[in-house]
Amino acid sequence: MLPPRCHVCHLEPGQSPSDGARGKFVLVYFADAVNPPPGWVGHPAGAVWFCPEHAPLGAEREHLASDTALRDIDAVLGRLPRRLPEAYR
Ligand SMILES: [Zn+2]
């Protein structure tokens with residue numbers, strides 16, 4: 001399992017601007033995700049981490065395959081101005 005790191009903004013829980021946001025990272029299992037067998041150690045294919053702010057972007061697309069969903073998210077974000085303040089980078 002990979003440690004939480006937002007696919008969208010690359011934020012990690014330790015870098016979160018507020019302690020309240022820690023631990024609220026969401027692992028979204030997309031349609032092509034496979035359930036790893038018990039005892040398996042690794043990051044499940046098709047599962048992607050999102051920070052609390054971007055979790056809805058993933059959750060809204062969990063019925064899609066991960067590559068399709070991530071492309072769609074990138075396309076959506078590409079049309080929006082960057083909103084992340086300098087402090088987040
Ligand atoms: Zn994020």
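V28 stands opposite V48 of strand 2 in a predicted model. V28 itself lies in strand 1, and strand 1 (residues 26-29) pairs with strand 2 in the antiparallel sense over 4 bridges. Helices (H or I, at least four residues) and strands (E, at least two) are taken as DSSP runs and numbered from the N terminus; two strands pair if DSSP finds at least two bridges between them. Residues are numbered from 1 along each chain as its sequence is written. Because the model is predicted, local features need pLDDT of at least 70 and side-chain atom pairs count only at pLDDT 80 or more, whereas totals for chains, interfaces and linings use all residues.

The chain contains 2 helices and 2 strands, and from the N terminus on these elements run β-β-α-α. The predictor's confidence in each residue is given as pLDDT, on a scale from 0 to 100. The chain averages a pLDDT of 83, and 79% of the residues score at least 70. Among the elements, helix 1 has the highest mean pLDDT (96) and helix 2 the lowest (91).

Burial was assigned from C-beta atoms placed from the backbone: a residue is buried if 20 or more other C-beta atoms lie within 10 Å of its own, exposed if 12 or fewer, and partly exposed in between. Of the 89 residues of the chain, 21% count as buried. Two residues are in contact if their C-beta atoms, placed from the backbone, lie within 7 Å. Among contacts between residues at least 6 apart in sequence, 56% join residues at least 24 apart.

V28 counts as buried because it has 22 C-beta neighbours inside 10 Å. Leaving aside neighbours within four places in sequence, V28 is in contact with A47, V48, F50, G58, A59 and E62. The C-alpha atoms of V28 and P56, which are 28 residues apart along the chain, are separated by 9.6 Å. V48, placed in strand 2, is buried because 24 other C-beta atoms lie within 10 Å. With residues up to four places away in sequence not counted, V48 touches H7, V28, F30, G58, S66 and L70. V48 and P4 are 44 residues apart in sequence, and their C-alpha atoms are 8.8 Å apart in space.

In a regular strand the side chains alternate between the two faces of the sheet. In strand 2 (residues 47-50), A47 and W49 point one way while V48 and F50 point the other way, and all are buried. Nonpolar side chains tend to be buried together in soluble globular proteins. A nonpolar core is here a set of buried Ala, Val, Leu, Ile, Met, Phe, Trp, Tyr and Cys residues joined through C-beta atoms within 7 Å. The largest such core has 14 residues, of which C6, V8, V28, V48, W49, F50 and C51 touch the most other members. Strand 2 and helix 2 are the elements that give two or more residues to this core, and strand 2 gives the most, with 4 residues.

Within helix 2, S66, A69 and I73 are buried. Seen down the axis of helix 2, the buried residues fall within an arc of 65°, so they line one face of the helix; the arc is that of the directions from the helix axis to the C-beta atoms. The buried residues of helix 2 pack against strand 2 and helix 1 (55-59). On the other side of helix 2, D67, D74, A75 and G78 are exposed.

H10 is partly exposed because 13 other C-beta atoms lie within 10 Å, whereas L11 is buried, with 24 other C-beta atoms within 10 Å. Most residues other than glycine have a negative phi. The phi of H10, however, is near 65°, a positive value in a residue other than glycine. L11 and W49 are 38 residues apart in sequence and 10.0 Å apart in space, C-alpha to C-alpha.
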